[in-house]
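Thanks for coming. I'll go through one model this morning, starting with its strands and then moving to its charged side chains. Please have a look at it first.

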Amino acid sequence: MTTTDKPVVLVANRGEIAMRIIAAARRIGASPVLAASVADANSPAAKAADRVIVIGAAQANLSYLRPEQVAQAAVNAGAAVVHPGYGFLSEQPKLCELLEEEGIAFAGPRPETLRAVGDKGSARLVAIDADVPVAQGIEINDPSEVRALGEKLGFPLLIKAIHGGGGRGIRLVTNLDELEELAPQAAQEAEVAFGNGALYLERYYGLARHVEVQVFGDGEGNAWIFGDRDCSVQRRHQKLIEECPAPGLSEARRKILHDSSRRLVKALKYRGAGTVEFLVDTQSEDVVFLEVNARIQVEHPVTEEAFGVDLVAAQLRLALGMDPELPQVGPVPPVSVIELRINSEDPDNNFMPNSGVLTEVTWPKGPGIRIDTQVETGYSFPPYYDSLMAKLIVRAHDRKAAVAGALAAAQNTTIAGLKTTLPMLEYVLSHDDFIAGEVPTSWFGPIWEERKAANND
């Protein structure tokens, strides 16, 4: 079969996820074409694709965030399907609608689903209708008139942006004065980041874990559940380490998480891969819904390695009208998997991002080790985008072995020329609390500050 005989997949993203989609396209016998900014036109992902279409300037708002330019690139490429990866336009209904007008498939949910779950307020209502447990909360109609809402709900509370994610537009408040001061700040931050400053208030669980469930739907109400992931090691709401299965979950709690997620998939007639996120409180029996991420997640390799599936290939197959070729699996995988996010940041300088040429890159090898990345020796890491460089994934027969294996793999990774978060990851993997499992989302900040203080003594 020649390249022109193959269905064309337009890869509307960059970096490691672009490489991942290209690999999945080849797996299903499709031809990957990369939609790239000027800055990425000669990237490793560009070299891995069959063709590159430049969609705009280096800045994301002039390229990757322009639905009209991505849709036009899909038309120019003769694409049968567009895969948006994560971030950028992955959860934007506008791109879906433009593609529908051109008869091009979108490797993700329908526009109406994206609207239903992209707004945290409406997602909450969908969850309630599907009998999914939610935290006490209320939408903020006017950030300058929040005192009455705070008095009604009680403290502590989280101010959260209704649209978007990545920790932006979130503020923790413990009293009325903080609420009144920080709500306008959160609204302004959300407006800049997502083009919408809408907010809501939600009860804050200070010692909760962040546990999410990987789902896949066929668009007709049928659902696959691929276990759960713990993503509780976080800095300022940004995930640092993920693992599957989530350690220490009782059978009853795991059933609540999985059954709730299945009901949401059925209620939404969800199409493709997605994640249902929850808080699991460590001080009570509460399990509460957070949100639906209606896309492939950064941490999807954890689940793929745990259950032996290719979620990205399944997305492409489904979008092309094919059988996604996914198995029905049990609630707990037979192995344990840990993913480390390696970022181009200086952990000893308030995690300041840095960019430039990588003078040496070497990765560990061996059974159960997977590297998702596009960085290599000589690569010039650009300053325009997210700081994620690579994902290091380690699979082992149990959690103890996976933690030890992840630490060894991190110690045998070399990335020279820029500061990275590898030293931070090694510190976490060596920490007694993490080794014991079940740390809450509030854990990392204080222990990292302790380390800094100890190093300064």
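Which residue in S3 does alanine 36 stand opposite? It is valine 54. Before I go on, keep in mind that this is a predicted model.

Let me place that pair. Strand S2, residues 31-37, is joined to S3 by five bridges, and the two run parallel. They belong to an open sheet of five strands, in the order S3-S2-S1-S4-S5, with parallel pairing. Its edge strands are S3, residues 51-56, and S5, residues 105-106, and each of these pairs on one side only. As background, strands of a sheet pair through backbone hydrogen bonds, in either a parallel or an antiparallel way.

For the antiparallel case, go to strand S10, residues 208-218. Of its 11 residues, 10 are buried, so the strand is mostly covered. S10 pairs with strand S13, residues 271-281, in the antiparallel sense, over 11 bridges. Within that pairing, valine 213 has valine 276 in S13 as its bridge partner.

S10 also has six bridges to strand S11, residues 223-235, again antiparallel. Here phenylalanine 216 has tryptophan 224 in S11 as its bridge partner. S10 and S11 form a hairpin with four residues between them, and glycine 219 in the turn has a positive phi of about 85°.

Now the charges. A search of the whole structure finds 33 salt bridges. One of them joins the side chains of arginine 209 and aspartate 230, at 2.7 Å from N to O. Arginine 209 is in S10 and aspartate 230 in S11, 21 residues apart. Both residues are buried.

A second one joins arginine 370 and glutamate 304, at 3.0 Å from N to O. Arginine 370 lies in strand S20 and glutamate 304 in helix H10, so the pair ties together parts that are 66 residues apart in sequence. Both of these are buried too.

Glutamate 325 is at 53%, so it counts as exposed. Elsewhere, salt bridges that share partners join eight residues into one network: Arg20, Arg27, Glu304, Glu305, Asp310, Arg370, Asp372 and Arg395.

Last, the surface. Glu100, Glu101, Glu102 and Glu112 gather there in a patch of negative charge. Of these, glutamate 112 is found in helix H5, residues 111-118. That is where I'll stop.

Methods: Residues numbered from 1 in each chain as written. Predicted model: local features only at pLDDT ≥ 70, side-chain atom pairs only at ≥ 80, totals over all residues. Heavy atoms only, no water. Patch = residues over 30% accessible without salt bridge, like charges linked within 9 Å, V, L, I, M, F, W, Y side chains within 5 Å. Areas by Shrake-Rupley, 256 points an atom, 1.4 Å probe, with all protein chains shown as cover. Salt bridge = Lys/Arg side-chain N within 4 Å of Asp/Glu carboxyl O. Lys, Arg positive; Asp, Glu negative; His and termini not counted. Charge placed at Lys NZ, Arg CZ, Asp CG, Glu CD. Buried < 20%, exposed > 50% of the residue type's maximum accessible area, 1.4 Å probe, protein only. Pairing = 2+ DSSP bridges.
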